[in-house]
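User: Hello! I am new to this structure and would like a friendly tour, please.

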Amino acid sequence: MRIDVVTLFPGLVRECVSVGVVGRAQKRGLLQIYTWNPRDYTHDPHRTVDATSYGGGPGMVMMIEPLRAALTAVREAAPEPAHVVYLSPQGVRLTQDKVVALTALPRITLLCGRYEGVDERLLARAVDEEVSIGDYVLSGGELAAAVVIDAVGRLQEGALNDARSAREDSFSDGLLDCPHYAKPVHDAWGSVPDVLLSGDHAAIARWRRQQALGRTWLRRPDLLARQDLDAESQALLAVFRDAHAQAGKGEN
Ligand code: 9WO
């Protein structure tokens, strides 16, 4: 997969995606990331990319021309259609389903705004969709673009050393993740649950599924409401809820 990023701060995006699983995916040739700086597509001595906002008020707006020229260069750099995504708080929320959908594309272009934003005419003509990573304001789209690249990059076939990791992710089945433990078995801060040491793989799978269901019930009932649970999952959750109530955690 190829990802082009149009940004005034190419170093920031590159640094974010150069480490860990996604950095390795690039080294393995599974993911190509290219950055394009609109400042390189200006023609004036000051390399101007912004101007004051019509209507007045404080702050600057990114002008059409340098972005249009950068996006034209992006489009001409490869034959596949470049699906253009603008990162902004006005976009549709990024979810794991959305990440998987983006992963199916051969190529995406991420447009990062700065200042108060981008001239609306450029967005209307050159952007295919607007995506938000959450309901907060950043100082620019770069960190949001890095989030998209990280989420998409780790799903590239061969990026994770163990294919199970992607399938068993938190959210891959619409539930939160179960708890994890590593050595030592006994620590001043507690012990590892016995079932995980039992060697009984079926029992371990049941326990993990129960924990995932229980945590989703406790922490994200909105996610659980969207699930169509089979009889076994309903039974596992019922036991979790009973244990939770017994422990006196249900009374508030
Ligand atoms: C800046 C600003 C300053 C004074 C008054 C109003 C203002 N609004 C903004 C603003 O929204 N700036 C944005 C910064 C313009 C587009 C790029 N920026 C951005 C993207 N901030 N946060 C995001 C973002 C992207 C994706 N998901 C969450 C947040």
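Here are some questions and answers about the backbone and the ligand site.

User: Before we start, what kind of model is this?

Analyst: Residues are numbered from 1 along each chain as its sequence is written, and side-chain values use heavy atoms, with hydrogens and water left out. Local features need pLDDT of at least 70, side-chain atom pairs count only at pLDDT 80 or more, and totals for chains, interfaces and linings use all residues, since the model is predicted.

User: Which two residues does a cis peptide bond join?

Analyst: Look in the loop between α7 (163–167) and β8 (186–187), where P184 sits. Helices (H or I, at least four residues) and strands (E, at least two) are DSSP runs, numbered from the N terminus. The omega angle of the cis bond is about 5°, and the bond links K183 and P184.

User: Is R47 buried, partly exposed or exposed?

Analyst: R47 belongs to the loop between β2 (32–36) and β3 (50–52), and its phi is positive, about 55°, although it is not a glycine. Buried means under 20% relative accessible area, exposed over 50%, and partly exposed in between (1.4 Å probe, protein chains only). Because its relative accessibility is 38%, R47 counts as partly exposed.

User: What distance separates a nitrogen atom of the ligand from a polar backbone atom of Y115?

Analyst: Y115 lies in the loop between β6 (107–112) and α5 (120–126), and its phi is also positive, near 55°. A polar contact is a pair of N or O atoms within 3.5 Å; within protein, one must be able to donate a hydrogen and the other to accept it, and residues adjacent in sequence count only if both atoms are side-chain atoms. For a backbone atom of Y115 and a ligand nitrogen, the distance is 3.1 Å.
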